[in-house]
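Student: Hey, I've got this fold open on my screen and I'd like to talk it through. Can we start with one residue and go from there?

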Amino acid sequence: MEKTTRKCVFAGTFDPPTLGHKAAIEDCLALFDKVVVAVMVNPQKQPCFSSKQREEMLRRIFPNESRLKVLSFSGTVAERLEKENTKIYVRGIRNTVDFEYENANFFASRKLDKDLIAVYLPCRQELLHVSSGMVRNSLRFQTPIDEYVTEEVKAYIEKVYTKE
């Protein structure tokens, strides 16, 4: 009997990737054979880091993980899922605000692909306070980012970040 490969897409802005993102990707790797991490490119947002920089930071967190594919995309989730030949879209949830936001996006995406399956992963309790916004604020005010990002991401940011 042929084994079916379980594959998911985990998309986000990752501006920059945090310990929460790392934990969610680790959970994806525990559940799926292949994980596509899609760095969203939203022309309406002005990210702190370029899509290529965000991709590089994610790759540095998981340097030897062959089951992980990191890429950038600017289309819809439905389009990315189709390109990756999977119906499973993973989202991390910290609180009820995240849940409401993700549910609204799920129903919008479901109109584009009726077979889309959303998997919501709850945030680890010790990471509930972590967000990319907190990292960006810390960078703006030159305060430590250690409790929000991995050592690899911190080292990368220290090399490339310039204060506005």
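Student: Where does lysine 45 lie?

Tutor: Lysine 45 sits in the loop that runs between β2 and α2. Keep in mind that this is a predicted model.

Student: Is lysine 45 exposed, partly exposed or buried?

Tutor: Lysine 45 counts as partly exposed, because its relative accessibility is 46% and that class covers values between 20% and 50%.

Student: How far is lysine 45 from threonine 13, C-alpha to C-alpha?

Tutor: Those C-alpha atoms are 9.6 Å apart, while the two residues are 32 places apart along the chain.

Student: OK, on to helix α2. Which of its residues are buried?

Tutor: α2 covers residues 51–61, and the buried ones are Ser51, Arg54, Glu55, Met57, Leu58 and Ile61. Looking down the axis of α2, you'd find them within an arc of 160°, so they line one face of the helix.

Student: Why would residues a few places apart end up pointing the same way?

Tutor: An α-helix has 3.6 residues a turn, so residues three or four places apart point the same way.

Student: And what covers the buried residues of α2?

Tutor: The cover includes α1 (19–31), β2 (34–40), β3 (68–73) and α6 (151–160).

Student: Let's take α6 then. At what angle do α2 and α6 pack?

Tutor: The angle is about 145°, and the axes are 8 Å apart. The crossing of α2 past α6 is right-handed. On the α2 side, the contact is made by Gln53, Glu56, Met57, Arg60 and Ile61, and on the α6 side by Glu152, Val153, Tyr156, Ile157, Lys159 and Val160.

Student: Switching topic: which residues of the largest nonpolar core touch the most other members?

Tutor: That core has 33 residues, and the ones touching the most other members are Ile25, Cys28, Val35, Val37, Leu58, Val90 and Ile157. Several elements supply at least two residues each, among them β1 (7–12), β4 (88–93) and α5 (132–140). The largest share, 5 residues, comes from α1.

Student: Is there another core, or what else is there?

Tutor: There's a second, separate core of 11 residues, including Ala11, Val36, Ala38 and Val77.

Student: Back to valine 37. What is valine 37 in contact with?

Tutor: Setting aside neighbours within four places in sequence, valine 37 is in contact with Phe10, Phe14, Ile25, Leu58, Leu68, Lys69, Val70 and Leu71.

Student: What about leucine 29, buried or exposed?

Tutor: Leucine 29 is buried, because its relative accessible area is 9% and the cut-off for buried is under 20%. Leucine 29 belongs to helix α1. If you don't count residues up to four places away in sequence, leucine 29 touches Val35, Phe62, Glu65 and Arg67.

Student: Now the sheet: what order do the strands come in?

Tutor: The order is β3-β2-β1-β4-β5, in an open sheet of 5 strands with parallel pairing. β3 and β5 (117–122) stand at the edges with a single partner strand each, so one side of each has no neighbour in the sheet. On average, neighbouring strands are turned by 30° against each other, ignoring direction.

Student: How many bridges do β4 and β5 pair over?

Tutor: They pair over 6 bridges, in the parallel sense. For instance, tyrosine 89 has alanine 118 of β5 as its bridge partner.

Student: Last one: which strands does helix α3 lie across?

Tutor: Helix α3, residues 77–84, lies across β1, β2, β3 and β4, and runs at about 140° to β3.

Technical notes. Residues are numbered from 1 along each chain as its sequence is written. This is a predicted model: local features need pLDDT of at least 70, side-chain atom pairs count only at pLDDT 80 or more; totals for chains, interfaces and linings use all residues. Side-chain values use heavy atoms; hydrogens and water are left out. Buried means under 20% relative accessible area, exposed over 50%, partly exposed in between (1.4 Å probe, protein chains only). Helices (H or I, at least four residues) and strands (E, at least two) are DSSP runs, numbered from the N terminus. The arc is that of the directions from the helix axis to the C-beta atoms. Contact means heavy atoms within 4.5 Å. A nonpolar core is a set of buried Ala, Val, Leu, Ile, Met, Phe, Trp, Tyr and Cys residues joined through side-chain atoms within 4.5 Å. Two strands pair if DSSP finds at least two bridges between them. Axes are lines fitted to C-alpha atoms, for helices over the stretch in contact, and angles run from 0 to 180 degrees between N-to-C directions. A crossing is left-handed if the near helix is turned anticlockwise from the far one by less than a right angle, and right-handed if clockwise.
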